[in-house]
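The tour below moves from one selection to the next.

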Amino acid sequence: MSLDAEAICNRLREALPGAAVAFRKNPGASGQDSILVESDSLCAVCRFLRDTDDLAFDFLSNVTGIDWPDASLADKVALAEAAGEEENEDAAPKDGFLEVLYHLYSTRHQTGPLVLRARTRDRVENAKLASVVSVFRSAEFQEREIYDLFGVTFTGHPDLRRILMWDEFEDHPMRKDYVEPDDYEYEPTPHNAVLEKAKRHYPAS
């Protein structure tokens, strides 16, 4: 059973008139369109998609992050279809932002994925989104990964802490401006390019 993301977006507008949602067209070969959701509406949208019988998107399979230092590039892979949608401050921040994608499936109707997008206001102080753990428990570890690697703070998450990097680790390795530290103190057997860098820290005596 195929799904029509635009039709589902229209249903969300009708059922949740206060929710900020926008259809996004994928110009690529996959044709996997998506729905852009403002953070404050995210949980309500997910709950409606899960609990509405003829939709029944009951399985959140994947949550992943994207760093967009150049905000204009995001609109090349997710095109605004309706006039004025790109002017929504929450939906399309003018500066760089972080984006989180959610892939929903319906196990009842064998349908999916339905792709939801949510964007932070910026990449610094307002790099925050609402957690959807209260709707989909499978988001718990995946939101922690995005918090760890991209630096998105998920408000309302029950246990938001690093899951891959150690507690003392600084920065977020999946950001596009991340600079890999030139420090191989913990490299047990440096070789090749790593060995050359290690020699600068530990010159032969």
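Begin by selecting strand 3 (59–68), strand 5 (97–106), strand 7 (128–130) and strand 8 (153–155): these are among the elements that cover the buried residues of helix 4, where cover means contact, with heavy atoms within 4.5 Å. Helices (H or I, at least four residues) and strands (E, at least two) are DSSP runs, numbered from the N terminus. The model is predicted: local features need pLDDT of at least 70, side-chain atom pairs count only at pLDDT 80 or more, and totals for chains, interfaces and linings use all residues. Residues are numbered from 1 along each chain as its sequence is written, and side-chain values use heavy atoms, leaving out hydrogens and water.

Next, select helix 4 itself. The buried set comprises Ala139, Glu140, Gln142, Glu143, Arg144, Ile146, Asp148, Leu149 and Phe150. Step on to Gly151, which follows helix 4 and has a positive phi, near 90°.

Now select helix 1 (residues 5–15) and helix 2 (residues 42–51). Their axes, lines fitted to C-alpha atoms over the stretch in contact, come within 11 Å and cross at roughly 110°, on a scale from 0 to 180 degrees between N-to-C directions. Helix 1 is therefore roughly perpendicular to helix 2, a term for angles of 65 to 115 degrees.

Finally, display the side chains there: Ile8, Arg11, Leu12 and Ala15 of helix 1 make the contact with Val45, Phe48 and Leu49 of helix 2.

Definitions and conventions
Angles under 35 degrees count as roughly parallel, over 145 as roughly antiparallel, 65 to 115 as roughly perpendicular and the rest as oblique. Buried means under 20% relative accessible area, exposed over 50%, partly exposed in between (1.4 Å probe, protein chains only).
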